[in-house]
Amino acid sequence: MNVLIAPRSTLHALQPIGQNTSSMESLTSYFCRLAHSHGIKARDLAAWILSHFGQPIPDDYKWYRRAFSGSSSETEQWSSWIATLTGVGGLDRITLTPWRHLVSRSSLTSRIDRWCPYCLQDDRAVHQSPYLRLSWDITSVTACSQHKVNLVSTCPHCERSNIRHRASTVIPGYCTACGGFLGEQSTRLAEPAEIWQTARIEQMLTCPPQIAVDQVTTLLETLVERMAHNRIATFSRKTGLSKSGVWHWFNKGGIPTLQAWLAISLHGGIGLDRLFAGDLENWVIPECSSQLSIPLNHSPRKGIRSRLLDWPAIRYRLRLILEAPEPISLAQVGQQLEIDHAQLYQNANLEVRAIISRHQQHRAGSRDDRMQRLQDQVTELLQERWADGYAGISAREVWPRLDQDLKAMRHSFRCIDATIAANDP
Ligand SMILES: [Zn+2]
Ligand SMILES: [Zn+2]
C-alpha cells in the first residue's frame, strides 16, 4: 500500500488512487483504506475523527450512514477533516461536492452499492489494493465504460447486497458479509446508451467545473437561448425535460439534475466537461436531435483492408449484436458493419459462430412456432366446418383464412393438406 507519513500529519498521507482520471477513487474508499493502513476499524477511525473535532458520537454510531462521496455539506466537512489530518489536500475532488452548485442532489447518488468486478480484477492483476470508484456511487452510472459491462450489486459468494463498505471493518473489494472477493463474477454487456452516459459522466469527473455559483443562471439562460431561441417550451420539447422543471430553474432557484444535464448534453451535442467549463464559444448545435441508442463505434468504411480495421472494436460490436433481443443473420451483420464474411470468420471467429448458431436456433424456433399455429388454425377451421354439418374442408378454402405470415410459409398448401389428413377421423 502506498503509505507516506507526511511531516506533522496525524494520519497517514495516503494518496487517492486515479485522481483526475475517469476511474478516480471515492472518499468512501479512501477512508476505508486509510483506516486499514492504521490497522483500525473504519468505524473507530470515524469515531476518533468526530471526537478529535469535538463532535458528539451517537451510541449506535454507524460511520457508513455518513455521505462520504456525495455533494452534501456533510461530505464537504468530512473531506476537509480528513485532509487536515492526513495533510493530503483536495480530497473534495474525490467527492461530488465540486458540482454541488450545478447538479441537483436529487437522486444523484445511488442507495445501492455497486461495482464493476472487472475493474476490481484489474486492480489485483497489477498488485494494487482494489478500490471503489467515485463513478460507481452515481445513480446515472449503470455501466463501466472501460469494460463495457453493467455494474453489479450482489456478492458472487453469498449473494447479499450492500456488502461493499457498510460494516465496521472494510477492505475495499471484499464482501463485508462473507469476506469473498467481489471481482469474481461475470456480468452483462451494457447497452451502448448506458456506456455513452457513463462516459459523459466520467468526462465530467476528470475536471472540476469552472462555472461559479453566480454564473449558473447565465449558463442556463445561454443554453435556452442557443438551443431554443429563448423559448422554454421549445427547449423542454427538444431536450425531453418537463416544462415546469425548466421553469423552476429560472424562477425558483432550482438547478438541473444530472439526468437533465445529460439530456442537454445529448441534444445539444456538447460534453458535460465543456458545459461546466462554460466553454460554449465554438459550440455547434447538431441540426437533428440525437438518439440515445447511438452506436459507440462508427462502422469501418467499405474497402478498408483488414489490417486497418479496429478488430477489438468490431468484436465488441459483434458481442453487442449477440446481446440484442432480435437475432440477425451473418449476412445482415456483414451489411451493418460493411465487412465481408471471410474477414469476420478470420478475425472474430468465436463471435461469428455464436451469431450464426443463435440465428439458426431462432429461425428453427420461429418455424416450429409458425407450424404449430398453422396446425391450430387449420384444426379450428375444420371443427367449425364439422359443427356446421359439412364433411370437411379443402386446402384451397383454408388458405385465404390463415394469418398473413402463415400464408407466406414455404409449402403452406402441403402443410395444410397434411394437417387436414391428420385430423381425418
Ligand atoms: Zn470495469
Ligand atoms: Zn459475500
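Reader: What makes Leu223 count as buried or exposed?

Author: This is a predicted model, in which local features need pLDDT of at least 70 and side-chain atom pairs count only at pLDDT 80 or more, while totals for chains, interfaces and linings use all residues. Residues are numbered from 1 along each chain as its sequence is written, chains are lettered from A and ligands numbered from 1 in the order in which they are written, and side-chain values use heavy atoms, with hydrogens and water left out. Buried means under 20% relative accessible area, exposed means over 50%, and partly exposed is in between, with a 1.4 Å probe and protein chains only. Leu223 has 0% relative accessibility, so it counts as buried.

Reader: Where does Leu223 lie, and which residues does Leu223 touch?

Author: Leu223 belongs to helix α6 (residues 216-228), where helices (H or I, at least four residues) and strands (E, at least two) are DSSP runs, numbered from the N terminus. Not counting residues up to four places away in sequence, Leu223 touches Ala228, Phe235, Trp261, Ile264, Leu275 and Trp283, a contact being heavy atoms within 4.5 Å. Between the C-alpha atoms of Leu223 and Tyr131, which are 92 residues apart along the chain, there are 37 Å.

Reader: Why is helix α1 called largely enclosed by the rest of the structure?

Author: Helix α1 (residues 27-37) has eleven residues and ten of them are buried, so the helix is largely enclosed by the rest of the structure. Among these buried residues are Leu27, Tyr30, Phe31 and Leu34, and the buried residues of α1 pack against α2 (42-52) and α3 (73-86). Just after α1 comes Gly39, with a positive phi of about 70°.

Reader: Which residues of helix α7 are buried, and what covers them?

Author: In helix α7 (residues 232-239) the buried residues are Thr234, Phe235, Ser236 and Thr239, and their cover includes α6, α8 (243-251) and α9 (258-268). Gly240 follows α7 and has a positive phi, near 75°.

Reader: What makes the phi of Lys148 worth a remark?

Author: Most residues other than glycine have a negative phi. Lys148 is not a glycine, yet its phi is positive, about 60°. Lys148 sits in the loop between β1 and β2 and, at 25% relative accessibility, counts as partly exposed. His411, which is not a glycine either, has a positive phi of about 55°; His411 is placed in the loop between α16 (404-407) and α17 (412-423) and is partly exposed at 43% relative accessibility.

Reader: Which atoms coordinate the zinc ion (ligand 1), and why is their arrangement called tetrahedral?

Author: Donors are N, O and S atoms within 2.8 Å of the metal (3.2 Å for Na, K and Ca), and because water is not among the atoms, sites may look incomplete. The zinc ion (ligand 1) has Cys116 (SG), Cys119 (SG), Cys144 (SG) and His147 (ND1) at 2.1 to 2.3 Å. Four donors count as tetrahedral if all angles lie between 85 and 135 degrees, and the four donor atoms here subtend angles of 103 to 115°, which makes the arrangement tetrahedral. Cys119 lies in helix α4 (residues 117-125) and Cys144 in strand β1 (residues 143-144), so the pair ties together parts that are 25 residues apart in sequence. Cys119 is buried, with a relative accessible area of 4%, and Cys144 is buried at 5%.

Reader: What angles and donors are found at the zinc ion (ligand 2)?

Author: Cys155 (SG), Cys158 (SG), Cys175 (SG) and Cys178 (SG) coordinate the zinc ion (ligand 2) at 2.2 to 2.3 Å, and the angles among these four donor atoms are 107 to 116°, so the site is tetrahedral by the rule on angles. The donor residues are spaced C-x2-C-x16-C-x2-C in sequence. Cys155 and Cys178 both lie in the loop between β2 (149-150) and α5 (192-206), so the pair ties together parts that are 23 residues apart in sequence. Cys155 is buried, with a relative accessible area of 1%, whereas Cys178 counts as partly exposed at 39% relative accessibility.

Technical notes:
Tetrahedral: all angles 85-135°; square planar, octahedral: opposite > 155°, others 65-115°.
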